[in-house]
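Please read it beside the coordinates.

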Amino acid sequence: LSLCALIGSWAQAQDTGAYPNRPIKLIVTVPPGGAADFIARLLASKLSTSIGQPVIVENKAGASGVVASDFVAKSAPDGYTLLQSSITTHGIGPHLMTKLPYDPMTSFTPITMLASLPLIMTINADIKAQTLPEFVTLAKQSPSKMAFASSGNGGAPHMAGELFTAATSTALIHAPYRGSGPAVADLVGGQVQVMFDGAPSLIPYITTGKIRALAAASPRRNPLLPNTPTFAELGYPSVNVALWYGLMAPAGTPPDIIARLNREVNQALKSSEIQERFASQGTEALGGTPEQAASYVRQELDRWGPVVKKAGIVPN
């Protein structure tokens, strides 16, 4: 029996030491297409080459990321099932649910941050405002007569709108849609007047003059819109919102596996291929240590609780 135990222990050690020796699943919380899927697939392709095993993206959409997060939280902590976390799953979302089947902090082990996609405020081109101050004046003259679209209730674009109305003392009506596509379509058509979203969904309509960019909700000006000032420049530093994405493993994943994944992902994020592809979409590569990722997530959880409460959003 002691010999069998020794052999079993040796085999387990060999298996851990050879990580990874089979495909890795990267679970994404949204359907194919869009920024999250783009980031995951680009990263998966790069990692597959560097670690010598396929990294397979699996889309498990549903319940604002709860379906995917729960799946990963309950998976074996062996480094073969990873979660692409986000501001929805580990920032805003936990404050919108009365009871989650997992804990957003203790059920996961952060590996690193992946990317940040700052939001931009745009308005319909027919609105008689060329600058943010002009729009704020106009909105105050017509309280509750303008609506801001978002890609869904409780998402980052929704929260950006809530931060904006609080900072500017305006009364915009929230109009949630099922995704950015239909929301942008109605913004262009004039059914709604304002929208906060990432550059990829807005730039084509900004360049053709169908919508107008007023401000960037980021610490620095968006490289794709260098002439558009930030909210901070215009006196509203609290309107600082980005779609962010991270990488997590189930709690209990061995430290050596976390360290290997952190090293590989940080190396991938520094590659010219990912840097260039990200930049073309207005996305910033992040990276960093597991400890920095854990701190970032904790700050986001602490930040969004009061915003959700002040906005009067009732948890599901």
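1. A cavity is here a set of grid points where a 1.4 Å probe fits but cannot get out. The model is a predicted one, and its largest cavity holds about 40 Å³ of space. The count of cavities of 30 Å³ or more comes to one.

2. What lines the largest cavity? The lining consists of Ala-63, Ser-64, Val-66, Thr-88, Thr-89, Gly-93, Pro-94, Met-97, Leu-100 and Tyr-102. By class, these are six nonpolar and four polar residues, with no charged ones.

3. Tyr-102, one of the residues lining that cavity, also takes part in an aromatic pair with Phe-108. The ring centres are 5.6 Å apart and the planes stand at 85 degrees, so the pair is edge-to-face, the cut-off being over 60. Tyr-102 counts as buried because its relative accessibility is 8%, under the 20% limit. Phe-108, at 4%, counts as buried too.

4. Across the whole structure, the search finds nine aromatic pairs. Ring pairs join Phe-135, Phe-148, Phe-164, Phe-196 and Phe-231 into a cluster.

5. Several of these names return in the largest nonpolar core, which has 80 residues; Met-121, Phe-135, Phe-164, Phe-196 and Phe-231 touch the most other members. Strand S4 (residues 108-124) supplies the largest share of this core, nine residues. A second, separate core has 17 residues, among them Ala-183, Val-184, Ala-213 and Leu-225.

6. Phe-231 deserves a look of its own. Neighbours within four places in sequence aside, Phe-231 is in contact with Met-121, Leu-132, Phe-164, Phe-196, Ala-215, Ala-216, Ala-217, Tyr-236, Pro-237 and Val-239.

7. The largest pocket has about 1200 Å³ of space. Its lining numbers 48 residues, and those nearest the centre are Val-30, Thr-88, Ser-151, Gly-152 and Gly-179. Two or more lining residues come from each of helix H2 (34-51), strand S3 (81-86), helix H4 (87-92), helix H6 (156-168), strand S7 (194-198), helix H8 (199-207) and strand S9 (242-250). H2 gives the largest share, five residues. The lining divides into 23 nonpolar, 23 polar and two charged residues. Thr-88 lines this pocket and is also listed for the largest cavity.

8. For the second largest pocket the volume is about 590 Å³. Ser-116, Pro-118, Pro-219, Arg-220 and Glu-284 are the closest to its centre among the 26 lining residues. S4, S9, helix H10 (272-280), strand S10 (284-285) and helix H11 (290-310) each give two or more residues to this lining, and H11 has the largest share with five. The classes here are 13 nonpolar, eight polar and five charged.

9. Which peptide bond is cis? The bond from Tyr-19 to Pro-20 is cis, with omega near -5 degrees. Pro-20 sits in the loop between helix H1 (2-17) and strand S1 (24-28).

10. Ser-169 counts as exposed because its relative accessible area is 57%, over the 50% limit.

Methods
Residues are numbered from 1 along each chain as its sequence is written. This is a predicted model: local features need pLDDT of at least 70, side-chain atom pairs count only at pLDDT 80 or more; totals for chains, interfaces and linings use all residues. Side-chain values use heavy atoms; hydrogens and water are left out. A nonpolar core is a set of buried Ala, Val, Leu, Ile, Met, Phe, Trp, Tyr and Cys residues joined through side-chain atoms within 4.5 Å. Buried means under 20% relative accessible area, exposed over 50%, partly exposed in between (1.4 Å probe, protein chains only). Helices (H or I, at least four residues) and strands (E, at least two) are DSSP runs, numbered from the N terminus. Contact means heavy atoms within 4.5 Å. On a 1 Å grid over the protein atoms alone, a cavity is a set of points where a 1.4 Å probe fits but cannot get out, and a pocket is an open set with protein on both sides within 12 Å along at least five of seven lines; lining residues have an atom within 4 Å of a point. Grid points are joined across faces, edges and corners, and a volume is the space filled by probe spheres set on the points. Ala, Val, Leu, Ile, Met, Phe, Trp, Tyr, Cys and Pro count as nonpolar, Asp, Glu, Lys and Arg as charged, and the others, Gly among them, as polar. Rings of Phe, Tyr and Trp (its six-membered ring) pair if their centres lie within 6.5 Å; planes under 30 degrees apart count as stacked, over 60 as edge-to-face and the rest as tilted.
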